[in-house]
Amino acid sequence: MDSANQKNGGFAKLLDWINKLGKFKDEVVNIAKETKKIGKDDPRRIIHAAKVGLALTLVSLFYYFKPLYDGFGQAGMWAVLTVVVVFEFSVGGTLCKCINRGCATLLAGALGIGAEYLAELTGKTGEPIMLGFFVFILATGSTFARFFPYLKRRYDYGILIFILTFSLVTVSGYRVEEIIELAHQRLSTIIIGAATCMIVSLFICPVWAGQDLHILVASNMEKVASFLEGFGDEYFHLPQGEVDDANTSKEGKLFLQAYKSVLGSKASEETLANAAWWEPGHGSFRFRDPCNQYLKVGALTRQCAYHIETLVSGYTNSNKQAQTEFHKIIQEPYSKMSSEAGKLLLELSSAIKNMTHPSSIVENHLHNMKSAIDDLKSVLQTSNHSNNNNKSNLLDIIPILAVGSILIDIIHSVEKVSEAVHELSNLGHFKKMEKQKSTTTFAPEKIQQKLHKGIVQPVNDNADMDVDHVVIEIRDTSKEIIHQENNGDTNKKQGQQQVEV
């Protein structure tokens with residue numbers, strides 16, 4: 001019995017070990033898949049990791065080579081710590097931390113040496129008291145300065161390093177005789193580490209925060225536009241009681257969820273804008289990125305997304321009811337309002353991506369949106385006059401009218417986005433689009449001015465046949481003088497054009 005129990009126990013342990021081995025294998029496979037996904041989503045992450053490794057290898061030479069070690073000693077470790085702390089993913093983030101750390105270290109080191117010199121004047125008894133007083137005053141003032149929004153956004157890391165360095169210099173200087181040499185070694189190694197990070201970040205596959213901000217703002221506008229373009233069909237073309245296939249429903253309503261990522265993009269935009277503020281002119285920007293204007297465009301785009309969030313709730317509640325005759329009445333203006341707003345945002349997003357001034361099509365969409373609002377007002381007035389004696393369906397109409405009110409708010413927000421993008425194109429010195437050739441020779445207003453000179457004739461004089469269009473022949477008797485470079489002669493020519501109506 002004992003031998004049988006031992007065999008069974010050994011077999012159970014073997015099975016348990018095999019199960020653990022299988023789980024470990026699954027974990028390794030999952031980690032490998034996640035690693036592959038992270039690298040595939042953004043290959044720049046792999047390059048960034050290699051850049052950090054290169055920078056650390058370079059600054060480690062302070063320890064590997066004896067001549068460098070003899071010059072800097074243990075202070076060479078500060079170069080290694082600097083690389084680990086300040087090397088960020090983007091160029092702007094790296095420059096921000098490097099400049100903050102270098103300036104803060106220089107200022108704090110100078111003040112620390114000055115404080116040590118003043119404390120020595122008070123004698124051995126008063127020196128620690130004076131040093132403690134200086135540390136308290138500067139640490140308290142610097143910490144309070146971190147609460148100022150502008151300083152926190154731009155120089156928070158520098159203030160933190162200032163407090164740390166000043167405290168270390170004053171405290172260590174009390175026990176170290178050669179304080180100036182100590183401060184010089186630490187400052188030199190920190191500057192070398194920061195310079196190494198900046199050179200590697202700038203010249204080896206640089207990642208520009210301004211470019212990421214540029215792409216993020218344009219992408220958010222596209223997500224909002226995709227919702228608005230599809231909202232009209234989704235709202236009116238899905239009757240109550242119709243059951244869709246699960247997969248079709250999921251794929252068909254992806255545009256209804258894409259805008260939600262825009263709602264939480266404020267922190268990312270502000271982080272990228274803060275990093276872009278430190279970056280020099282690069283790429284298509286002859287000057288620095290107008291990051292504040294990008295933030296304005298992003299904020300207005302989020303405002304549209306917030307309205308959409310409210311619209312989705314209103315749409316969900318109202319769509320539970322059966323489609324009424326009133327739905328059919330307001331279908332066209334509602335669809336036109338949302339569709340034109342989406343098309344306008346797509347045009348603006350394309351202008352930002354291509355760094356060109358918004359085309360004249362934007363003005364057409366703006367006009368169409370305002371026209372849709374006027375059409376809605378007319379439809380509502382007509383419907384009100386025809387149903388002024390029937391108030392029984394008022395509760396059914398209110399949710400539908402609420403959707404219209406939110407759509408109008410979205411249109412007003414889209415107009416503000418358009419104005420902000422136009423301002424961005426001026427600040428960013430975007431390219432002007434080449435003028436497209438018109439399909440007609442005369443502008444509409446010029447045609448109207450010359451109609452009295454034209455001849456209107458039917459296409460076919462046969463009364464038995466249907467005539468669905470006419471030909472307007474406009475003769476321009478004005479003479480155009482063409483300068484000839486060779487002989488200076490002038491030729492007269494008379495233009496003739498036909499316009500089909």
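Visitor: Which residue forms a salt bridge with E269?
Guide: A salt bridge is a side-chain nitrogen of Lys or Arg within 4 Å of a carboxyl oxygen of Asp or Glu. Here E269 pairs with R302, the closest N and O atoms being 2.7 Å apart. E269 lies in helix α14 (residues 266–276) and R302 in helix α15 (residues 291–319), so the pair ties together parts 33 residues apart in sequence. Helices are DSSP runs (H or I, at least four residues), numbered from the N terminus.

Visitor: What kind of model is this?
Guide: It is a predicted model: local features need pLDDT of at least 70, side-chain atom pairs count only at pLDDT 80 or more, and totals for chains, interfaces and linings use all residues. Residues are numbered from 1 along each chain as its sequence is written, and side-chain values use heavy atoms, leaving out hydrogens and water.

Visitor: Is E269 buried or exposed?
Guide: Buried means under 20% relative accessible area, exposed over 50%, partly exposed in between (1.4 Å probe, protein chains only). Both E269 and R302 are buried.

Visitor: How many salt bridges are there?
Guide: The count is nine. One of them joins D42 and R44, at 3.0 Å from N to O. D42 is buried at 14%, while R44 is partly exposed at 30%. K353 also bridges to E222, with N and O 2.9 Å apart. That pair links helix α16 (residues 325–354) to helix α10 (residues 209–236), 131 residues apart.

Visitor: How many disulfides are there?
Guide: A disulfide is a covalent bond between the sulfur atoms of two cysteines. The test is a pair of cysteine sulfur atoms within 2.5 Å. The count here is zero. C291 is buried, at 5% relative accessibility.

Conventions:
Helices (H or I, at least four residues) and strands (E, at least two) are DSSP runs, numbered from the N terminus.
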